[in-house]
Amino acid sequence: MERYDEAIASLDCALQIRPNRSQAWYNRGLVLLQLERYEEAIASFDRSILIRSDEYQAWYFRGWALLQLRRNDEASDCFDKMIQIKPNGTDLSSIRQLAYV
């Protein structure tokens with residue numbers, strides 16, 4: 001059962017108590033991606049990255065959300081940052097190419 005709205009409400013409550021939880025902002029962004037609320041997802045990933053700039057997964061999903069909005073240059077920048085943080089991951093350079101498809 002998909003209860004995304006409840007998940008967002010729970011994360012919002014947690015973030016009211018501890019607004020500097022990078023993981024909570026990241027999780028909120030993931031839920032918003034599922035709801036196709038891309039601008040809000042990007043804002044949540046931005047908050048996660050602001051708190052912990054080396055969170056490569058937040059950079060990846062921020063880039064993915066940007067691709068959905070056809071903001072390919074910005075998405076490419078996110079993928080570049082992700083590769084910079086974790087250069088030895090699985091073929092990350094091919095992920096960056098998604099921005100040019």
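Author: Happy to. Buried here means under 20% relative accessible area, exposed means over 50%, and partly exposed lies in between, with a 1.4 Å probe and protein chains only. This is a predicted model, where local features need pLDDT of at least 70, side-chain atom pairs count only at pLDDT 80 or more, and totals for chains, interfaces and linings use all residues. Residues are numbered from 1 along each chain as its sequence is written, and side-chain values use heavy atoms, with hydrogens and water left out.

Reader: Thanks! Is Arg-28 buried or exposed?
Author: Arg-28 is buried, at a relative accessible area of 14%.

Reader: And which residues does Arg-28 touch?
Author: Leaving aside residues up to four places away in sequence, Arg-28 touches Ile-8, Leu-11, Asp-12, Leu-15, Glu-40 and Ser-44. A contact means heavy atoms within 4.5 Å.

Reader: Nice. Which residue forms a salt bridge with Arg-28?
Author: That's Asp-12, and the closest N and O atoms are 2.6 Å apart. The two are 16 residues apart and link distant parts of the chain, with Asp-12 in helix α1 (residues 4-17) and Arg-28 in helix α2 (residues 22-34). A salt bridge is a side-chain nitrogen of Lys or Arg within 4 Å of a carboxyl oxygen of Asp or Glu. Asp-12 is partly exposed, with a relative accessible area of 29%.

Reader: How many salt bridges are there in the whole structure?
Author: The search finds 9. Among them is Glu-55 with Arg-52, whose closest N and O atoms are 3.0 Å apart. Glu-55 counts as buried at 8% relative accessibility, whereas Arg-52 is partly exposed at 40%.

Reader: Switching topic: what does the secondary structure come to?
Author: The chain has 6 helices and 0 strands. Helices (H or I, at least four residues) and strands (E, at least two) are DSSP runs, numbered from the N terminus.

Reader: Last one, how much of the chain counts as buried?
Author: Of its 101 residues, 35% count as buried. As for contacts with a separation of 6 or more, residues 24 or more positions apart account for 42% of them.
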